[in-house]
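Here is a short briefing for a reader new to this structure. Look through the sequence and the model before reading on.

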Amino acid sequence: MKITLPNTFIYQLLFVLCVAATYFNNYELTFFTWAISFAYTLKNRYSLEFFRLITPFILIIAIAAFSSIGREHSSYFIIRDITYLIKPVLGLLVGYQILKSGIKKPFELIANAALIVAIYHMFLLAYAILIKSTTTVQDLRHYGGYFSDFEVYAFVILLFSKEFGLEFSKKKTRIYLIIVGISAFMYLARTNFIQFVILWLAIKGYFAINRRSIMIFGTLILVSIIGYTSIIYYNPKREGEGIDAMLYKIKVAPLEPFKTKIDRTDWKDFNDNYRSYENIRTIRELSAAGTTTVLFGKGLGSTVDLQQQVNLGGTDLRHISILHNGFMIVFLKAGLLGIVIYLFTIVFFFRNKKTENQQVIYINLLFLGTGIFLFISNWVFLGFFNLTETKSILLGLLIAYRQTIIKNTHEKHSHHTSIS
């Protein structure tokens, strides 16, 4: 029997490889896979809209490079910063170029890629539980991974398969939803739960101000207050196992990224609020360096002194160049000017033109949810700069697909107009 592969098979494969590479938690592998895919799918034309999205990232790198002049930063950290800061641009370009290479069904491609990484994640969880006898949430996440923006996006798309025009049978959609949904849930990541709620609300149209949306948000706020009060009353312990460990993380979540005073000699206070500690140290260091540094940052290769050794990713570090906060990374490298420019990459997803095409409408709603989510994602999980994030590839793919739909719609309209 002769097996015939579709003309776009290599591009579909590259998309899956680029997504899957991030789940091996090896940045060099991810960057190499993305770079090769970028080179292979390189195009000679890009839309002005897409150029407007990637320009702020390029400007941030340019400002950081300028701010590096005259500073004695390590060559290793400079090169590493360049690769880290260029990653969002690379991801957006790869997604955009792959779609422009002839992909006709991007939502099907996204769903299939999510299924593959979800199955891989389930194997990791099985290994952790059956072979390593893992019983704690911390150990389960250590083996299985800490989050997966991509799987949440795919789960939402599957949940609204009809609206997005995903041509799966009901049975196939149900199977994908179960596998991808369980996998996404088992990351036990607070950020992913928030991401799902925001995207779901956006696609349902609840961010439009009206009586219904006010009632929905009022109910959500009330339920959240009652739920959080119950957790406080239950008082889960930080050393707890299973659900207790997860509830403890929810308990400390509201203050964790926002505390302004942390006692680093108190290991509980320090560990529970480490993200805030990074922010505090970054602001203090740049402020102490003067107005110019506050405005333009410390440049490529710059680091923050934590004032003590901290175990991060299995390595004890005192000076770090990458923080948990995307805004603070930009502030460190390119100052307040960099943050202002970076905000345009978020605003992009709010500026969607009105259309009558139903598929474009739902893509726009997904982008609206993305814009809202990016504020949270940047504050607690690096946003676009997370070393294992894949949403840049997915968004690049959907931006190109939206442009293709709009272009085809205009061409059909022009054709009908000329005939009549």
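Predicted model: local features only at pLDDT ≥ 70, side-chain atom pairs only at ≥ 80, totals over all residues.

The chain holds 18 helices and two strands. Of its 420 residues, 49% count as buried.

**Chain overview**
- Contacts between residues with a separation of 6 or more were counted, and 73% of them join residues 24 or more positions apart.

**Helix 5 and helix 7**
- Two packed helices are described by an angle and a distance, both taken from their axes.
- Helix 5 spans residues 106-131, and helix 7 spans residues 149-159.
- The two pack at an angle of about 130°, and their axes are 9 Å apart.
- Helix 5 and helix 7 are therefore oblique to each other.
- Their crossing is left-handed.
- Helix 5 contributes Phe-107, Ile-110, Ala-111, Ala-113, Ala-114, Val-117 and Ala-118 to the contact.
- Helix 7 contributes Phe-150, Glu-151, Ala-154, Ile-157 and Leu-158.
- By class, this contact between helix 5 and helix 7 has 11 nonpolar residues, one charged residue and no polar ones.

**Thr-30**
- Thr-30 sits in helix 2, which covers residues 27-40.
- Is Thr-30 buried or exposed? Its relative accessibility is 2%, so Thr-30 counts as buried, the cut-off being under 20%.
- The Thr-30 side chain reaches the backbone oxygen of Ala-21 at 3.4 Å.
- Leaving aside residues up to four places away in sequence, Thr-30 touches Ala-21, Thr-22 and Lys-87.

Methods
Residues numbered from 1 in each chain as written. Heavy atoms only, no water. Axes fitted to C-alpha atoms, helices over the stretch in contact; angles between N-to-C directions. Helix = DSSP H or I, 4+ residues; strand = E, 2+ residues; numbered from the N terminus. Parallel < 35°, antiparallel > 145°, perpendicular 65-115°, else oblique. Left-handed = near helix turned anticlockwise from the far one by under 90°. Contact = heavy atoms within 4.5 Å. Nonpolar A, V, L, I, M, F, W, Y, C, P; charged D, E, K, R; others polar. Buried < 20%, exposed > 50% of the residue type's maximum accessible area, 1.4 Å probe, protein only. Polar contact = N/O pair within 3.5 Å; in protein donor to acceptor, adjacent residues only side chain to side chain.
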